[in-house]
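Work through the exercises below with the model open. Try each task before reading its solution.

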Amino acid sequence: MPPRTRLDGIVIRQQPIAEADVIVSLVSPHEGRVDVLARGARKSTKRFAGGIALFSELSAVIEQGRGHLPTLVESSLGAAFLQMTPQYGQLALASYVAELAACASQPSHADPGLYAWLRASLALCETVNEQQLRTPRLAIEVGFLQALGVCPDLQTCGECGQDTGAGGTWQDADAGLVCTRCLRAGSETLSPALVRALVLWTLSPAEPPVDALAASAALHVAEKRVASLLGHVAPPTLRSAVALRDLQRFQV
Ligand SMILES: [Zn+2]
């Protein structure tokens, strides 16, 4: 019998193939990105009683057969995010999270940090109001940069090395923050509350600072810098980003 292994992971993509089969893409904390073939999954929902729904956390048994992909033998459900009649905006944001995870995850590459971000971000998507996607999106993006290790240190001034607790300016995306003592006249300042919220989020990725961000001024400055950093690690044309942009067009 071909070897079987157990695998925990979150479903980030489902791709129907042939008549009845589905390729399920999982992100696992210890195995990275794993694509498995779920035979017959489209024919009968009973085939995998635990479910293989998008955005759900599975404990799966897979079999390394002769084919190119391992086969899903059985699955049991852990947390299921966005399964109970989610709003369109919540789904759009969760799709964005899944697409970012797909860009960043690699086969056979353990990344518990990315997994923790993915899990916390999907949990966040469940709670957001679809009329206010701006701050959760920013929190998700900052957390993503942090998980990839490409978020600049927001806690320390890039020029004098002192704490940025009193706020600062973020002129150059890669260089990080410059504190209020060092900043030049005319630059747009991020409020202390905004800096604190971003720093806290990068320190404890399980608690997105959505409320603190929502109360902050100069959010657009942080958004621009974060977008520029994201440009280094994700393609500019994610499908879900287009859907989000349309949704956010009329939101403040
Ligand atoms: Zn300084």
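The exercises cover helix packing, strand pairing and backbone angles.

This is a predicted model, in which local features need pLDDT of at least 70, side-chain atom pairs count only at pLDDT 80 or more, and totals for chains, interfaces and linings use all residues. Residues are numbered from 1 along each chain as its sequence is written, and side-chain values use heavy atoms, leaving out hydrogens and water.

**Exercise 1. Describe how helix α1 packs on helix α2.**

Step 1. Locate the helices: α1 spans residues 88-104 and α2 residues 112-127. Helices (H or I, at least four residues) and strands (E, at least two) are DSSP runs, numbered from the N terminus.

Step 2. Take the geometry. The angle is about 170°, and the axes are 8 Å apart. Axes are lines fitted to C-alpha atoms, for helices over the stretch in contact; angles run from 0 to 180 degrees between N-to-C directions.

Step 3. Classify. α1 is therefore roughly antiparallel to α2 (under 35 degrees is roughly parallel, over 145 roughly antiparallel, 65 to 115 roughly perpendicular, the rest oblique).

Step 4. List the contact (heavy atoms within 4.5 Å). Residues of α1 include Leu93, Val97 and Leu100; those of α2 include Trp117, Leu118 and Leu122.

**Exercise 2. Compare the span of α2 with the expected span, and find its buried residues.**

Step 1. α2 has 16 residues and reaches 23 Å from first C-alpha to last.

Step 2. The expected value is 22 Å, at 1.5 Å a residue. The expected span is 1.5 Å times one less than the number of residues. The two values are close.

Step 3. Buried residues of α2 include Leu114, Trp117, Leu118, Ser121 and Cys125 (buried means under 20% relative accessible area, exposed over 50%, partly exposed in between; 1.4 Å probe, protein chains only).

**Exercise 3. Which strands pair with β1, and in what sense?**

Step 1. β1 (residues 4-17) pairs with β4 (residues 56-63) in the antiparallel sense, over seven bridges. Pairing requires at least two DSSP bridges between two strands. Arg4 stands opposite Glu63 in β4.

Step 2. β1 also pairs with β2 (residues 21-28), antiparallel over seven bridges. Ile17 has Asp21 of β2 as its bridge partner.

Step 3. Check the hairpin of β1 and β2. Three residues lie between the strands, and Ala18 takes a positive phi near 50°.

**Exercise 4. Are Leu82 and Thr85 buried or exposed?**

Step 1. Leu82 lies in the loop between β5 (71-80) and α1. Thr85 lies in the loop between β5 and α1.

Step 2. Read phi: near 55° for Leu82, near 30° for Thr85.

Step 3. Leu82 is buried, at 7% relative accessible area. Thr85 is exposed, at 76%.
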